Amino acid sequence: MLLINGSPRKNGSCAALLNIIREMGEGSEYECELVNLSDLKIGYCKGCMSCKKTGKCAFNDDMTPLYGKIQDADFFVISTPVYFAAETGLIKNFIDRWYALMDYGPKGTRTFRFGKEKKGVVAITCGAPDGNMSNHGLMARLTMTMGSCGISDITSVIIPQASPETVGKSPFMNDFLDALHAQLS
């Protein structure tokens, strides 16, 4: 299980949520690795198209080893807080760099080299009290993005009014944890 923390706060709401997911994963015998994007230097995709010629990104930065980790993962989790109705720049850069794993086929078809079949989670935290209602567009986009990469079993959650202390107590966690438990079984 590869868990990606897209928050610049290593001990924030996303970290608390990812720790709950990690504990469940480890309890289901998944090998878990947490990656804090804020610890890494991942440049933005420059659209140079080198990856379409060579099959790999032209930039050798901290994203390079993550490609293999993404491909090897059985379970892929991304978590982001909401910043101005969107994911953080850390997550956006990370996702944009997935372009190096995409191949074009005949008649405009696309395939992703995301490795073996995997399950996924999109976990969003936000401070707004109505965040579970107002951020469904973000959830839909991130879920669709993961789905377009071949991840077919995706669970998602938006935790409003999130803080590291309240994430686990949120009423939105009950349904999410039930769905996650089913995925892990």
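Me: What counts as a salt bridge here?

Reply: A salt bridge is a side-chain nitrogen of Lys or Arg within 4 Å of a carboxyl oxygen of Asp or Glu. Side chains of opposite charge can pair when their charged atoms come close. This is a predicted model: local features need pLDDT of at least 70, side-chain atom pairs count only at pLDDT 80 or more, and totals for chains, interfaces and linings use all residues. Residues are numbered from 1 along each chain as its sequence is written, and side-chain values use heavy atoms, with hydrogens and water left out.

Me: How many salt bridges does the structure hold?

Reply: Seven. One of them joins Asp61 and Arg97, with the closest N and O atoms 2.8 Å apart.

Me: Where do Asp61 and Arg97 lie?

Reply: First, the naming: helices (H or I, at least four residues) and strands (E, at least two) are DSSP runs, numbered from the N terminus. Asp61 sits in the loop between helix H2 (50–54) and helix H3 (64–72), and Arg97 in the loop between helix H4 (89–96) and strand E4 (102–104), so the pair ties together parts 36 residues apart in sequence.

Me: Is Arg97 buried or exposed?

Reply: Buried means under 20% relative accessible area, exposed over 50%, partly exposed in between (1.4 Å probe, protein chains only). Arg97 is buried, at 2%.

Me: Which parts does the Asp103 and Arg113 pair tie together?

Reply: This salt bridge spans 2.8 Å, N to O. Asp103 lies in strand E4 and Arg113 in the loop between strand E5 (110–112) and E6, so the pair ties together parts ten residues apart in sequence. Asp103 is partly exposed at 27%, and Arg113 at 25%.

Me: How do I read the span of helix H1?

Reply: The expected span is 1.5 Å times one less than the number of residues. H1 (residues 13–27) has 15 residues and reaches 21 Å from first C-alpha to last, close to the 21 Å expected. Glu29 follows H1, with a positive phi near 70°.

Me: Which residues of H1 are buried?

Reply: Ser13, Cys14, Ala15, Ala16, Leu17, Leu18, Ile21 and Gly25. Contact means heavy atoms within 4.5 Å. These buried residues pack against elements including strand E1 (2–5), strand E3 (75–81) and helix H7 (173–184).
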